[in-house]
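Me: I have a model open and would like to go through the terms used for it one at a time. Could you set each value against its cut-off for me?

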Amino acid sequence: MKKLLMTASFVLAAQSSMALEVAGVNLADRAELASQSLALNGAGVRKKVFFDVYLAALYVPVKTQDASSVVNGAVPRRMELRMLREVSAATMHEGFVDSLKANQSEAALVTLAPKIAELEQVFKQVKTAAKGDVILLDFIPGQGTRVTVRGKTYTTIAGDDFAAAMLSIWLGKAPVNDSLKSALLGK
């Protein structure tokens, strides 16, 4: 009986740490970043034409449906991308740049150009994002955007402006997918 209760407790604990299953991937309901616990705000699939490209999950300190508060927040945020198909790093970077162009003014793009170039250098090192790879974009106020791919941290790109611009890819006025934006905001 004691063994059965311990097993049941373990199963319940394991289930409570998984908040959501999307595209066959179980996502944790919490993540730790900059000594702060973040909650899974929402998750969805990035589709291009009719292909599922990656699963995106947004972690924030307090759940919200307000995209602007996430983009412009002065709190840690995380965008977790889990690749659902193989994509060259060059194609991934090009997609990010296209989305940045759709969401930023020309003046902002000029200011962000050196930071976009830093991100490009990361993608050149990574070479490809294979199915199952995990990309973490950690937005840490006052520090910048920390990029981790397959468990290896590559760089932190300085500036809260770059963090906000990156988040606009998914949550801006022209997101990569409207349905993904809604899913990330828990709608």
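Predicted model: local features only at pLDDT ≥ 70, side-chain atom pairs only at ≥ 80, totals over all residues.

Me: What makes R150 and D133 a salt bridge?

Reply: Their closest N and O atoms are 2.6 Å apart. A salt bridge asks for a side-chain nitrogen of Lys or Arg within 4 Å of a carboxyl oxygen of Asp or Glu, so R150 and D133 qualify. The two residues are 17 apart and link distant parts of the chain. R150 lies in the loop between β10 and β11, while D133 lies in the loop between β8 and β9.

Me: And D133, why is that residue called buried or exposed?

Reply: D133 has a relative accessible area of 11%. Buried means under 20%, so D133 is buried.

Me: How do you know that D52 and K47 form a salt bridge?

Reply: The distance from N to O is 2.5 Å, and the limit is within 4 Å, so the pair of D52 and K47 passes. For D52 the relative accessibility is 30%, and for K47 the value is 41%. Partly exposed lies between the buried limit of 20% and the exposed limit of 50%, so D52 is partly exposed, and K47 is partly exposed too. The structure holds six salt bridges.

Me: What makes R146 and D138 part of a network?

Reply: Start with the pair itself: the side chains of R146 and D138 meet in a salt bridge, at 2.9 Å from N to O. Salt bridges that share partners then join R78, D138 and R146 into one network. As for burial, D138 has a relative accessibility of 1%; with buried set at under 20%, D138 therefore counts as buried. R146, at 26%, counts as partly exposed.

Me: How do you know that β4 pairs with β3 and with β5?

Reply: Two strands pair if there are at least two bridges between them. β3 (residues 30-33) and β4 (residues 36-48) have four bridges, in the antiparallel sense. β4 and β5 (residues 51-60) have nine, and they also run antiparallel. Both pairings therefore meet the requirement of at least two bridges. If you want places to look, R30 stands opposite A39 in β4, and L40 stands opposite Y59 in β5.

Me: Which residues take a positive phi in these two hairpins?

Reply: In the hairpin of β3 and β4, A34 takes a positive phi near 55 degrees. In the hairpin of β4 and β5, V49 in the turn has a positive phi of about 60 degrees. Each hairpin has two residues between its strands.

Me: What makes A102 and K173 a contact?

Reply: Contact means heavy atoms within 4.5 Å, and A102 touches both K173 and A174. The 8.2 Å that separates A102 and K173 is between their C-alpha atoms, whereas the contact limit applies to heavy atoms. A102 and K173 are 71 residues apart along the chain. A102 is found in helix α3 (residues 89-103) and has a relative accessible area of 37%, which is between 20% and 50%, so A102 is partly exposed.

Me: How much of the whole protein counts as buried?

Reply: Of its 187 residues, 45% count as buried.

Methods
Residues numbered from 1 in each chain as written. Heavy atoms only, no water. Buried < 20%, exposed > 50% of the residue type's maximum accessible area, 1.4 Å probe, protein only. Lists of a residue's contacts leave out its neighbours within four places in sequence.
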